[in-house]
There are 2 protein chains.
Amino acid sequence: MKAYVYVSLKKSVLDPQGKTIHGALKKMGYRGIDDLRQGKYFEIALDSSVTREAAQAEVERIAREVLTNPVIEEYRFTIEG
Amino acid sequence: MKAYVYVSLKKSVLDPQGKTIHGALKKMGYRGIDDLRQGKYFEIALDSSVTREAAQAEVERIAREVLTNPVIEEYRFTIEG
């Protein structure tokens, strides 16, 4: 079973890194981009002994307590397999 | 229309950052995790004038030529909306 956790800056928080990439892409001639924001993502391989319900709860806890800074970031996650 | 690009280290490349997070989670008492790898992700808002086909091609090109280091990284992307 695999879990994918996506952590991104809240919409209300400025993303200078994303802005820089956006600016660079424009200068390089790439067209059609309105906005770009960068985030982190984590691919977690889960023990096969873990049930789906337990995995759901554990990954949610890890995402909330460890991987995300709740002041400026938000997360979402999916569990597959 | 939004594009999501996920960039991760190739399976054959060591991921010390992921290993560190994995070790930290274990020490903190989180159970059931076999492996953890970290990647980057990019949320790209596309101009509404761009067709889906053009977006597909442009995002693929950006992912391949700019966002990914082909020596050590691989990418995948989805387009939504």
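Throughout this passage, a residue is called buried when its relative accessible area is under 20%, exposed when it is over 50%, and partly exposed in between (1.4 Å probe, protein chains only). The structure is a predicted model, in which local features need pLDDT of at least 70 and side-chain atom pairs count only at pLDDT 80 or more, while totals for chains, interfaces and linings use all residues. Residues are numbered from 1 along each chain as its sequence is written, chains are lettered from A and ligands numbered from 1 in the order in which they are written, and side-chain values use heavy atoms, with hydrogens and water left out.

Helices (H or I, at least four residues) and strands (E, at least two) are taken as DSSP runs numbered from the N terminus, and two strands pair if DSSP finds at least two bridges between them. On these terms, 6 strands form an open sheet with antiparallel pairing, in the order β3(A)-β1(A)-β2(A)-β2(B)-β1(B)-β3(B). Its edges are β3 (73-80) of chain A and β3 of chain B, each of which pairs on one side only. From one strand to the next, the twist averages 25°. Between the chains, β2(A) and β2(B) are joined in the antiparallel sense over 13 bridges, and G39(A) stands opposite Y41(B) in β2(B).

Helices from both chains pack on this sheet. For the angles, axes are lines fitted to C-alpha atoms, for helices over the stretch in contact, and values run from 0 to 180 degrees between N-to-C directions; contact means heavy atoms within 4.5 Å. Helix α1 (residues 16-27) of chain A touches β2 of chain A together with β2 of chain B, and its direction makes about 125° with that of β2(A). Helix α2 (residues 52-67) of chain B touches β2 of chain A as well as β1, β2 and β3 of chain B, its direction making about 160° with that of β3(B).

With a salt bridge defined as a side-chain nitrogen of Lys or Arg within 4 Å of a carboxyl oxygen of Asp or Glu, the whole structure holds 14 salt bridges over all chains. One of them pairs K11(B) with E43(A) at 3.8 Å, N to O. K11(B) lies in the loop between β1 and α1 (16-27) of chain B, and E43(A) in strand β2 (residues 33-46) of chain A, so this pair joins two chains. K11(B) is exposed at 53% relative accessibility, whereas E43(A) is buried at 10%.

Within chain B, K2(B) and E43(B) meet in a salt bridge of 2.8 Å, N to O. This pair connects strand β1 to strand β2 (residues 33-46) of chain B across 41 residues. K2(B) is partly exposed, with a relative accessible area of 29%, and E43(B) is buried at 10%. E73(B) is buried at 14% and K40(B) partly exposed at 29%. In chain A, E58(A), E60(A), R61(A), R64(A) and E65(A) are linked in a network of salt bridges.

Finally, M1(B) lies in the segment before β1 (2-9) of chain B and is partly exposed, with a relative accessible area of 28%. M1(B) and E80(B) are 79 residues apart in sequence, yet 5.9 Å apart in space, C-alpha to C-alpha. Beyond its neighbours within four places in sequence, M1(B) contacts residues including I44(B), L46(B), R52(B), I79(B) and E80(B).
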